[in-house]
Amino acid sequence: MNRLSKPITELKSEYEVIVIGSGYGGSIAASRMSRLNKKVCLLEKGKEFLPGEFPDKLLEAGKEMQINKGKTDIGDNNGLYEFVIGKDISVFKGCGLGGTSLVNANVSIEAEERVFDDSLWPIAIRNNMDTLKEGIAVAWDMLKPVPYPEGKNGYPVLAKTEGMRKSAAAMQENFRLLDINVTFENKVNHVGIKQCKCINCGDCVTGCNHGAKNTTAMNYLPDAVNHGAQIFTEIGVSHIERNENKWLVYCNLYNTGREKFDAPPLVISADSVFVCAGSLGSTEILFRSAEKGLDVSDMLGKRFSGNGDVLGFGYNNDVKINGIGLGEKTGNNKPECNEGGDKKIFKVGPCITSVIDIRNKEELEEGMTLEEGTVPAPIKSIMIPALTSLSRLVGRDTDRGFTDYIKEKWREFLSWIGGAYRGAINHTQVYLVMTHDSGDGEMELKNDHLKINWKGVGKDEIFKKVSNKLKEATKALGGNYIKNPSWTKLMNYDLVTVHPLGGCIMGDDASSGVVDHKGQVFKGKSGNTLHPGLFVMDGAILPRPVGTNPLLTISGMAERNCKLIAHDMNRQIPYGFEMLEVKANMPIKQGVQFTETMKGYFSLDEKEDYEEAFKLGKQQDSTFEFTLTIRSEDVESFLSDPDHLAGMLGTMEAPKLSAYPLMAYRGEFNLFVADPSSSEKKKMIYNAILKSKEGKTYYFSGYKEIENNDSVDVWLDTTTLFITIYNGKDNSGKVLGKGKLKIEMADFVKQLTTMRPVNVEKGKSGIGSVSSFGKFFAANIWDTFVKGGLK
């Protein structure tokens, strides 16, 4: 599978539609708007992971952890696994191209229809459920959920599923296999992506390395790309702003080193913006936008829900469960399908396959869905000490007797000496329950960090009922019931949710919601005035829990709303699929990237002489500064090409041109190219288009002249840039001014720390690309200043 995302250096300054986030809402918005022939740009904070690139070891997983608690941030700031620590409730979510679909269990289940009878929903939804049902049907057709095919095509009946059947029978509750977004056959799917069938490795929630999981990266996102959308990863959005008839989106580039130079954000503009960064991300973006002047409802941050999520364990059961993911143990984490024969199918299974459905209660809020799960391989090693300790501290043994006691101790012994695939851990059932919490949580932006407040949520009566049901399920298997470790008196009954909802909820007007029934943002604190072209489209708009896995509800709502938005444009979304030619997988080429800052002066009053322009600019206090990220996608080609061409993107600050930072885009950088005027000279060339907040366009052209002579040394040559500013998009426009920039030693030291490899395959360091670049740079300096001086 080839990458869907483009290099950041291809980012433009303006689009018709910008989509922020790539989970279910964002990927659907990108797909549907691009099918309307809109020029769509999707921005994702996280990285792109192809099948085979997800962590399968604890150390690898640890590198992808980010933990956020107020001002305290631990780990990779855009790591795949994101934990947000709140007061009384915390959140786990995914951060990557595909959003949380990368790290969830991909369960597609419809919420009960009576969920939507609540007056919290806008009248347009309560009075016309058919539009939502139609949206769910379209989403179903894209996500392709199917039940686990037990007993068919080589797929065994799973021990954990049998355990659930036994628990359901003892509880006298309804059991069934769930529809899950997983493929169980080798195929080219409906959007032209080659997928391999599930091998039952059980590692769904740390990322599917086999291409079997139908994340949005397997359907909606490639569909968007097929219809012309441009996707960029490792770009986070700070806030948005209305400027005349355009939306300005303020972006930060991750893993480029721009923050080392305190560089300003990039700004790109659009006619329409879809904020789809999830319940927390979308709320945070709107909060920050409100601080910058965006007029929004006072309901922002209200009605946060954890969807009634509860985690629990049936530890050390009398029956085998096989609930530990296999990771490297499968022997092949490469995603290629075996054309000559099927891969081995294992006995763990997808993360979630079945449910004990306890939603058929007279009172909606009494209902719940109880599902089994698996522990992914990267964290299997920590489960032995964790569950053993927790069983002593908070566990409740559901069966007694000396013989049973001996058997339990023997199984614990087997786990300790033989690992997680034996004994007590391999006899442990993982439970995830979803029910109806009160939805009374609140979020706020404090010191520029999102904060979750929900005092005493874990003490709600419903969670005690959930705990009792989990104890019943465990008792049927003869195990030790362990509550969620944080849901204890010692931990003040804190909760953890993997299904955060709310924060930008729907309403009939601004006094009751942040957005209307189709996700368009209200303007003001009351009334029905709307911000033109500004939408929220993800779980943030749901005003209450749905009592089960919410992905299908979120997806159906997004499909519904996109159809309504298209209708407002007097357009219809075409939903058909053309026959697509499957693209051959392109080999991954290692590249290199670095970020550079230069500072100096330029003058609008001198258009001929660089030195005079510099002096005059200094007298006029006409400063000029840039921070540019230079990136080659293939360092081998970069070095062999006589033009040595790389892409370039960043910002420039020139108060005489604009009071605000200018975005530098479509940049080109040439390293050590021949100077046609002299064989003794080489040049470094910088060219880029500049776009100002005021809407003006300029062209930047600069060069460093590398020459061996008595008056200029190597440091001065490689750190001095002569610049010219033109009016318009290229150098055919009128010359506006000239100047000179220099690199300060402190900035040069920082620049060296930003040098890093890109497009590196898993398991490889990428140091070779950086080394090759360094050798090329040093060799050219040697040729010019040493060899040249010996002539």
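# Group meeting: a walk through a predicted model

Let's begin with helix 16, residues 745–754, where Asp 747, Gln 751 and Thr 754 are buried. They span an arc of only 55° around the axis, so they sit on the same side of helix 16. The arc is taken from the directions that run from the helix axis to the C-beta atoms. An α-helix has 3.6 residues a turn, so residues three or four places apart point the same way. On the other side of helix 16, Met 745 and Leu 752 are exposed. Here buried means under 20% relative accessible area, exposed means over 50%, and partly exposed is in between, with a 1.4 Å probe and protein chains only. What do the buried residues of helix 16 pack against? They pack against strand 27 (591–603) and strand 35 (756–758), where contact means heavy atoms within 4.5 Å.

A quick word on the ground rules. This is a predicted model, so local features need pLDDT of at least 70 and side-chain atom pairs count only at pLDDT 80 or more, while totals for chains, interfaces and linings use all residues. Residues are numbered from 1 along each chain as its sequence is written, and side-chain values use heavy atoms, with hydrogens and water left out. Helices (H or I, at least four residues) and strands (E, at least two) are DSSP runs, numbered from the N terminus.

Seven strands make up an open sheet with antiparallel pairing, in the order 8-17-18-20-16-23-19. Its edge strands are strand 8 (174–177) and strand 19 (396–397), and each pairs on one side only. Two strands pair if DSSP finds at least two bridges between them. Within this sheet, strand 16 (residues 310–315) and strand 20 (residues 429–434) run antiparallel and are joined by five bridges.

Asn 307 lies in the loop between helix 7 (278–291) and strand 16, and Asn 316 lies in the loop between strand 16 and strand 17. Asn 307 has a positive phi of about 55° although it is not a glycine, and the phi of Asn 316 is also positive, near 55°. For background, most residues other than glycine have a negative phi. Are these asparagines buried or exposed? Asn 307 counts as buried because its relative accessibility is 0%, and Asn 316 is buried at 3%.

Next comes strand 15 (residues 266–275), which is mostly covered, with eight of its ten residues buried. Strand 1 (residues 14–20) pairs with strand 15 in the parallel sense over six bridges, and Glu 14 has Ser 269 as its bridge partner. Strand 14 (residues 246–253) runs antiparallel to strand 15, with five bridges joining them, and here Leu 248 stands opposite Ser 269. Strand 26 (residues 530–536) pairs with strand 15 in the parallel sense over three bridges, with Phe 274 partnered by Phe 535.

There is also an open sheet of five strands, in the order 4-3-5-6-24, with mixed pairing. Strand 4 (72–75) and strand 24 (495–497) are at the edges with a single partner strand each, so one side of each has no neighbour in the sheet. The twist averages 15° from one strand to the next. Inside it, strand 5 (residues 81–84) and strand 6 (residues 89–94) pair antiparallel over four bridges, and Glu 82 stands opposite Lys 93.

Last, the cysteines. How many disulfides are there? The count is zero, taking a disulfide as a pair of cysteine sulfur atoms within 2.5 Å. For Cys 204, the nearest cysteine sulfur is that of Cys 351, 5.5 Å away, and Cys 204 is buried at 10% relative accessibility. The sulfur of Cys 562 is 8.1 Å from the closest one, in Cys 276, which is too far for a bond. Thanks, everyone!

Note on methods: Axes fitted to C-alpha atoms, helices over the stretch in contact; angles between N-to-C directions.
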